[in-house]
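Subject: Structure handover

Hello,

Here is the model I promised to pass on. Please have it open as you read; my notes follow below.

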Amino acid sequence: MFALRDVHHAYDGKTVLSVPQWQAEQGAQWLMLGPSGSGKTTLLHVLAGILRPSSGQVSVAGQDLGALSASALDHFRGKHIGIVLQRLHLIDSLSVIKNLLLAQYLAGQSQDAGRVREVLASLDLADKANARPHELSFGQAQRVAVARAVVNKPKLLLADEPTSNLDDARCMQVLDLLLTQAKACGATLVIATHDQRIKARVPNQFELGAARV
Amino acid sequence: MNLATISLAYLKARSLNTLLNIVLLALGVATIVFLLLATAQLDQRMRRDAQGIDLVVGAKGSPMQVILSSIYHLDVPTGNIPYKQALEIAKHRAVKKMIPLALGDSYKGARIVGTTHAYLDHYGAKMAAGKRWENVLDAVIGADLAKRMNLKLGDKFHGAHGLGETGEVHEEHPYTVVGILEHSGTVLDRLVLCSYETVWAMHASHHDIKDINDIANQLNEEEKEFTALLIQYASPIAAAILPRYINNNTDMQAASPAYETARLFSIIGVGVDVLRGFALVLVFSAGLSVFIALYNALNERRYDLAVMRTLGTRPRTLMLLLLFEGLLLALIGGALGIVLGHVFTEVLGHALRMAQQVSVTGWTWVSAEWWVLALAVGVGVIAALIPAWRAYRTDIAGTLARG
């Protein structure tokens with residue numbers, strides 16, 4: 001569950017994001033659509049609590065993000081929000097399993113190797129636990145990034161352009177994976193995308209370009 | 001997973017760079033530790049050897065040479081002094097204790113010192129085997145020397161004239177080993193000791209000596225000579241009287257061990273200072289290298305840092321991570337440097353023992369080493385400060401939006 005109300009963000013005096021209202025139920029699955037440069041990434045960062053908007057109210061899982069101090073927001077993000085970045089950004093100095101343990105550690109959770117192995121197994125990565133990210137194919141690395149985002153059972157799962165640069169078959173696989181994983185942990189899912197192929201699969205859609213001033 | 005394992009993983013990921021930093025730091029620390037160990041031991045040995053000796057009386061010449069040759073047995077003596085004058089000094093009311101030394105011969109580079117039992121007592125020498133000398137040509141061997149030359153009780157050997165390795169050998173009178181001293185950590189460890197009459201007998205070979213043990217009665221007064229007298233004052237006031245008396249009224253000279261060793265250390269001190277400066281340059285270039293490594297690593301890792309923030313890390317934790325890496329490098333480098341310093345010192349000490357100079361060992365610890373470790377850690381942490389501050393200020397949204 002999340003709710004945005006009158007969210008504006010300006011950068012260098014220029015409005016880059018304007019969202020009058022957007023609400024989602026807990027466990028709902030949404031696409032955030034819009035052409036490149038329409039502010040999808042900015043909105044995703046706002047939802048993730050990475051970026052505080054210039055004005056407006058953002059609440060995630062019933063928590064008003066604006067009311068949190070900087071370090072409380074960091075803690076909240078680690079615990080309740082999972083993000084799959086477009087370029088994945090796995091930590092290459094650490095093995096796959098350590099990347100996931102790191103996510104638990106940095107979120108202030110206890111490090112649960114059982115949970116990590118469970119997530120890896122559900123993403124068909126059990127045999128890659130000790131591999132280093134650079135040894136993986138893109139598909140495998142993307143699944144590790146998803147695993148890292150869901151390992152702490154977030155309330156909100158965000159994915160930034162997860163299907164761009166993928167062929168049709170893989171595109172659907174990744175989409176399935178995100179939908180299943182979000183469901184498995186009961187997370188609200190938001191996929192930021194301009195990929196027309198997946199529109200038919202997710203009924204809830206939020207069009208960004210239209211909302212711009 | 002914790003900060004330490006993350007830091008270690010990053011250090012391992014760029015192991016060559018890490019190795020360079022550790023080696024640089026270790027070399028600097030090792031040099032400082034070596035200096036600390038060597039000077040502390042040298043200082044301690046020199047103090048112990050000179051302990052209780054207030055004044056040394058020898059022939060006219062360089063006072064430092066008198067001290068070096070008669071207390072530390074390092075330099076050649078300035079000459080000899082007459083027996084009669086020595087007796088007069090001994091009787092002076094300012095003198096509490098007088099130990100005569102007759103030098104001039106050596107055995108394979110080790111000095112043969114003719115003296116009295118008072119010399120042994122002065123250093124609290126204990127016998128490891130055998131007994132002290134009683135007769136002329138009896139010899140007592142210092143612990144290190146006995147080990148190095150493999151001398152045992154009852155062994156006979158010939159002394160050579162002069163203090164070098166190549167002097168003319170006194171073929172006619174072999175010494176007999178009657179005693180071996182326990183290791184005392186003093187100059188005695190590397191000496192051959194005997195009665196001063198033995199030294200007289202060696203140099204009176206042109207005489208027709210009937211009973212060598214009665215040598216003192218068969219020599220002319222002019223032939224009886226000492227090389228130096230080690231003197232302990234009867235009272236502090238003696239320091240004001242005795243040196244002046246000797247320098248003004250005799251053709252001998254009085255040299256103060258305290259003054260001359262202080263002078264010697266101030267000369268050695270210049271070399272020590274230069275080496276120490278060099279070591280500090282090494283330590284600080286290591287610091288600079290750590291700084292550059294961490295600063296460059298920041299660029300490579302800006303996404304890692306931003307991702308860590310999205311995973312819930314507080315800026316403070318990222319700062320700690322960088323500081324921890326600097327600290328870890330410093331600790332490893334510092335610890336390795338301390339070990340290396342001890343090994344250097346021991347290797348050098350071993351070489352010096354072979355050359356039977358003042359011995360130095362690497363297997364001791366001086367408390368100042370804690371300060372060296374603190375210095376290394378301080379350098380590591382300071383080098384990490386600016387990178388840590390930059391990590392603290394990572395702009396997550398900006399960094400991620402760019403990549």
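Four residues of domain 1 of chain B are in contact with five residues of domain 2 of chain B. On the domain 1 side of chain B, the touching residues are one nonpolar, two polar and one charged. The classes are as follows: Ala, Val, Leu, Ile, Met, Phe, Trp, Tyr, Cys and Pro are nonpolar, Asp, Glu, Lys and Arg are charged, and the others, Gly among them, are polar. Domain 1 of chain B covers 3-46 + 264-402, and domain 2 covers 55-255. These bounds come from an automatic or database domain assignment. The centres of the two domains of chain B, taken over C-alpha atoms, are 50 Å apart.

Before going further, the conventions. This is a predicted model, in which local features need pLDDT of at least 70 and side-chain atom pairs count only at pLDDT 80 or more, while totals for chains, interfaces and linings use all residues. Residues are numbered from 1 along each chain as its sequence is written, and chains are lettered from A and ligands numbered from 1 in the order in which they are written.

Chain A against chain B

The contact draws 27 residues from chain A and 19 residues from chain B. On the chain A side, the elements giving two or more residues are helix H1 (40-48), helix H2 (70-80) and helix H3 (96-106). Helices and strands are DSSP runs (helices H or I, at least four residues; strands E, at least two), numbered from the N terminus. By class, that side of chain A has 13 nonpolar, nine polar and five charged residues.

The antiparallel sheet of chain A

Four strands of chain A form an open sheet in the order E2-E1-E4-E5, with antiparallel pairing. Strand E2 (14-24) and E5 of chain A are at the edges with a single partner strand each, so one side of each has no neighbour in the sheet. Pairing requires at least two bridges found by DSSP.

- E1(A) and E2(A) run antiparallel and share nine bridges. A:Ala3 stands opposite A:Gln23 in E2(A).
- Strand E1 (residues 2-11) and strand E4 (residues 55-60) of chain A are antiparallel over five bridges. A:His8 stands opposite A:Ser55 in E4(A).
- E4(A) and strand E5 (residues 63-64) of chain A run antiparallel, joined by two bridges. A:Ser59 stands opposite A:Asp64 in E5(A).

E4(A) and E5(A) form a hairpin with two residues between them. In the turn, A:Ala61 has a positive phi of about 50 degrees.

The parallel sheet of chain A

Five strands of chain A make an open sheet in the order E6-E7-E8-E3-E9, and the pairing is parallel. Strand E6 (81-84) and strand E9 (204-207) of chain A are the edge strands, each pairing on one side only. Neighbouring strands of this sheet are turned by 20 degrees against each other on average, direction ignored. Axes are lines fitted to C-alpha atoms, for helices over the stretch in contact; angles run from 0 to 180 degrees between N-to-C directions.

E6(A) and strand E7 (residues 156-160) of chain A run parallel, with four bridges. A:Ile83 has A:Leu158 in E7(A) as its bridge partner. Helix H5 (residues 138-150) of chain A lies across E6 and E7 of chain A, at about 170 degrees to E6(A). Helix H6 (residues 168-184) of chain A also packs on the sheet. H6(A) touches strand E3 (29-33), E7 and strand E8 (188-193) of chain A, and its direction makes about 155 degrees with that of E8(A).

Helix pairs in chain A

H3(A) and H5(A) pack at about 25 degrees, with axes 8 Å apart. H3(A) and H5(A) are therefore roughly parallel (angles under 35 degrees count as roughly parallel, over 145 as roughly antiparallel, 65 to 115 as roughly perpendicular and the rest as oblique). A:Val96, A:Asn99, A:Leu100 and A:Ala103 in H3(A) meet A:Val144, A:Ala147 and A:Arg148 in H5(A). This contact of H3(A) with H5(A) has five nonpolar, one polar and one charged residues.

The axes of H5(A) and H6(A) come within 11 Å and cross at roughly 15 degrees. H5(A) and H6(A) are therefore roughly parallel too.

Best wishes

Notes: Two residues are in contact if their C-beta atoms, placed from the backbone, lie within 7 Å.
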